[in-house]
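Subject: Structure handover

Dear colleague,

Please find the structure below. My notes on it follow.

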Amino acid sequence: MTTKSARICGIYRITCSITGKFYIGSAANMQTRWAGHRSYLSRGKHHSKHLQYAWSKYGPDVFIFEVIEACQGEQLLRAKERGHWL
């Protein structure tokens with residue numbers, strides 16, 4: 001029997017532990033979004049040229065993906081984005 005993990009939405013940060021620089025984003029599904037970031041970064045196709053440069057220079061092991069604030073439902077996520085993060 002497999003269990004489906006709960007879908008977490010919210011605001012997240014991807015930090016380069018070497019430089020301390022970070023990327024802030026939001027997602028309705030954190031697991032899917034993180035997998036997407038890793039996929040694009042690994043292929044050299046990420047939309048953020050700064051994040052892509054750091055990933056290519058330092059490698060994936062120095063990056064930390066963390067949820068800054070989780071929420072329930074996409075409407076709440078949009079409200080939080082407008083309110084104080086983005």
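Over how many bridges do β1 and β3 pair, and in which sense? β1 and β3 pair over 8 bridges, in the antiparallel sense. Two strands are taken to pair if DSSP finds at least two bridges between them.

Before the rest, the conditions. This is a predicted model, in which local features need pLDDT of at least 70 and side-chain atom pairs count only at pLDDT 80 or more, while totals for chains, interfaces and linings use all residues. Residues are numbered from 1 along each chain as its sequence is written, and side-chain values use heavy atoms, with hydrogens and water left out.

Overall make-up

The protein has 3 helices and 3 strands, and from the N terminus on the elements run β-β-α-α-β-α. Helices (H or I, at least four residues) and strands (E, at least two) are DSSP runs, numbered from the N terminus. Of the 86 residues in the protein, 34% are buried; buried means under 20% relative accessible area, exposed over 50%, and partly exposed in between (1.4 Å probe, protein chains only).

The sheet

The 3 strands form an open sheet in the order β2-β1-β3, with antiparallel pairing. Its edge strands are β2 and β3 (63–71), each of which pairs on one side only. Neighbouring strands are turned by 20° against each other on average, direction ignored.

The core

A nonpolar core is a set of buried Ala, Val, Leu, Ile, Met, Phe, Trp, Tyr and Cys residues joined through side-chain atoms within 4.5 Å. The largest one has 13 residues, of which Y12, I14, Y23, L51, W55 and F63 touch the most other members. β1 (9–16), β2 (22–27), α1 (30–42) and α2 (49–58) each supply at least two residues of this core.

Aromatic residues

A search of the whole structure finds 4 aromatic pairs. Rings of Phe, Tyr and Trp (its six-membered ring) pair if their centres lie within 6.5 Å; planes under 30 degrees apart count as stacked, over 60 as edge-to-face and the rest as tilted. The W55 and F63 rings have centres 5.2 Å apart and planes at 35°, so the pair is tilted. Both W55 and F63 are buried. One aromatic cluster is formed by Y12, Y23, W34 and F65.

Around W55 and R38

Leaving aside residues up to four places away in sequence, W55 touches W34, R38, L41, S42, P60 and F63, where contact means heavy atoms within 4.5 Å. R38 is in helix α1 and is partly exposed, with a relative accessible area of 36%. R38 and P60 are 22 residues apart in sequence and 8.2 Å apart in space, C-alpha to C-alpha.

Regards

Note on methods. Axes fitted to C-alpha atoms, helices over the stretch in contact; angles between N-to-C directions.
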